[in-house]
Amino acid sequence: MANLTKRAHTQRTHLETAQAALSTLLADVDEVTLRNRQAMQRSPLVEPVLSPAIDRLDGIRTGVAVALDELSSMWYAERADGWPFGSQADDE
């Protein structure tokens, strides 16, 4: 692993923290969606209420997945470039 400038390390940490948070959020949305679908299977009476909520969760999941994909693309691009954020002058 290359020695990173303080700025590069900070940028990398921000990217990785955001990726971790979005990954956790995706798992949470998937769990809530699954539980709603299970509730609809057990009691069809709740379908009119839960179906729009599931649709909304699907939209939220799509937005979070797009953001995570963008951050992942940035992470891989910076990794390929050797994490060039900043310069040694930024650390002095």
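Guide: Let's start with the contacts, where contact means heavy atoms within 4.5 Å. Among those in the chain between residues at least 6 apart in sequence, 71% join residues at least 24 apart. Keep in mind that this is a predicted model, in which local features need pLDDT of at least 70, side-chain atom pairs count only at pLDDT 80 or more, and totals for chains, interfaces and linings use all residues. Residues are numbered from 1 along each chain as its sequence is written, and side-chain values use heavy atoms, with hydrogens and water left out.

The secondary structure here is two helices and zero strands; helices (H or I, at least four residues) and strands (E, at least two) are DSSP runs, numbered from the N terminus. Our part is helix 1, which takes in residues 6-42, 37 residues in total. From first C-alpha to last it reaches 54 Å, close to the 54 Å expected at 1.5 Å a residue. That expected span is 1.5 Å times one less than the number of residues.

Which residues of helix 1 are buried? They are Ala8, Arg12, Leu15, Gln19, Leu22, Leu26, Val29, Thr33, Asn36 and Met40. Buried means under 20% relative accessible area, exposed means over 50%, and partly exposed is in between (1.4 Å probe, protein chains only). Read that list with some helix geometry in mind: an α-helix has 3.6 residues a turn, so residues three or four places apart point the same way. Over the chain, 24% of the 92 residues count as buried.

So what does the covering? Helix 2 (47-80) is included in what covers the buried residues of helix 1. The two axes come within 9 Å and cross at roughly 160°; axes are lines fitted to C-alpha atoms, for helices over the stretch in contact, and angles run from 0 to 180 degrees between N-to-C directions. That angle makes helix 1 roughly antiparallel to helix 2. On that scale, under 35 degrees counts as roughly parallel, over 145 as roughly antiparallel, 65 to 115 as roughly perpendicular and the rest as oblique.

By class, the contact of helix 1 with helix 2 has 20 nonpolar, six polar and seven charged residues. Ala, Val, Leu, Ile, Met, Phe, Trp, Tyr, Cys and Pro count as nonpolar, Asp, Glu, Lys and Arg as charged, and the others, Gly among them, as polar.

On the partner's side, helix 2 has 34 residues and reaches 48 Å from first C-alpha to last, close to the 50 Å expected at 1.5 Å a residue. Its buried residues are Leu50, Ile54, Leu57, Val64, Leu68, Leu71, Ser72, Trp75 and Glu78, and they pack against helix 1.

Finally, take Asn36, one of the buried residues of helix 1. Val49 sits 13 residues from Asn36 in sequence and 10.0 Å from it in space, C-alpha to C-alpha. Val49 belongs to helix 2 and is exposed, with a relative accessible area of 62%.
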